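Here is a short walk through one protein model. Keep the sequence and the 3D view side by side as you read.

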Amino acid sequence: MASHTPPAASPVFEAPTGFADLDSQVDDILEGGGRWHLLTVEGLTLRVRKPAPTAVKALNAATGKGSSAELRKDSMTLFVQHHLHPEDWESLLVTMVDPEQSFSTATLGEVMRRIATLGTARPTVPSSRWRRRQGITGGRSGRS
């Protein structure tokens with residue numbers, strides 16, 4: 001019987017080279033960390049800083065499935081507030097309560113996601129390959 005070799009699986013997400021991350025780190029060294037970057041979301045331009053490694057705890061609380069809805073909301077708010085220029089935080093709050101604007105909590109989540117990945121080439125959602133693997137192993141798919 002002839003052996004059968006399955007075809008190599010094509011990657012769902014082609015991992016980026018490390019050049020984007022490396023360039024970003026070099027810029028931080030040359031220009032100083034903590035500098036402001038411009039970010040435009042829903043027509044609103046904000047000055048944001050790249051998160052430091054210490055911000056991972058707040059980011060995890062803001063996105064963690066085990067966190068209560070109130071903890072997620074509070075953590076997202078703190079994460080965004082600590083990475084926005086103080087004047088832009090005030091502008092963001094005014095925009096969010098203005099009924100004429102389309103800014104919502106979902107848009108605030110987009111601001112958080114864009115800050116969290118600023119200066120990186122990381123993907124921000126699990127690939128379909130990862131989701132299939134979770135279903136096979138029973139993780140979060142309803143299987144036991």
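Predicted model: local features only at pLDDT ≥ 70, side-chain atom pairs only at ≥ 80, totals over all residues.

Start with I29. Its relative accessibility is 70%, so I29 counts as exposed; the cut-off for that class is over 50%. I29 sits in helix 1, which covers residues 19-31. Together with V26 and L30, I29 makes up a nonpolar surface patch.

Move on to the loop between strand 1 (37-41) and strand 2 (44-48), where E42 lies. E42 is not a glycine, yet its phi is positive, at about 50°. E42 is partly exposed, with a relative accessible area of 49%.

Next come two packed helices. Helix 2 (residues 56-63) meets helix 3 (residues 69-83) at an angle of about 140°, and the axes are 7 Å apart. That angle makes helix 2 oblique to helix 3. Their crossing is left-handed.

Now the charges. The structure has 4 salt bridges. One of them joins D88 to R47, with the closest N and O atoms 3.0 Å apart. This pair ties together distant parts of the chain: D88 is in helix 4 (residues 86-97), R47 is in strand 2, and 41 residues separate them. D88 is buried at 8% relative accessibility, whereas R47 is partly exposed at 25%. A salt-bridge network links R47, E87 and D88.

Another salt bridge pairs R113 with E110, at 2.8 Å between the closest N and O atoms. R113 and E110 are 3 residues apart in helix 5 (residues 105-116), so about one helical turn separates them. K73 and D74 also form a salt bridge, at 3.4 Å from N to O.

Terms used. Residues numbered from 1 in each chain as written. Heavy atoms only, no water. Helix = DSSP H or I, 4+ residues; strand = E, 2+ residues; numbered from the N terminus. Buried < 20%, exposed > 50% of the residue type's maximum accessible area, 1.4 Å probe, protein only. Patch = residues over 30% accessible without salt bridge, like charges linked within 9 Å, V, L, I, M, F, W, Y side chains within 5 Å. Areas by Shrake-Rupley, 256 points an atom, 1.4 Å probe, with all protein chains shown as cover. Salt bridge = Lys/Arg side-chain N within 4 Å of Asp/Glu carboxyl O. Axes fitted to C-alpha atoms, helices over the stretch in contact; angles between N-to-C directions. Parallel < 35°, antiparallel > 145°, perpendicular 65-115°, else oblique. Left-handed = near helix turned anticlockwise from the far one by under 90°.
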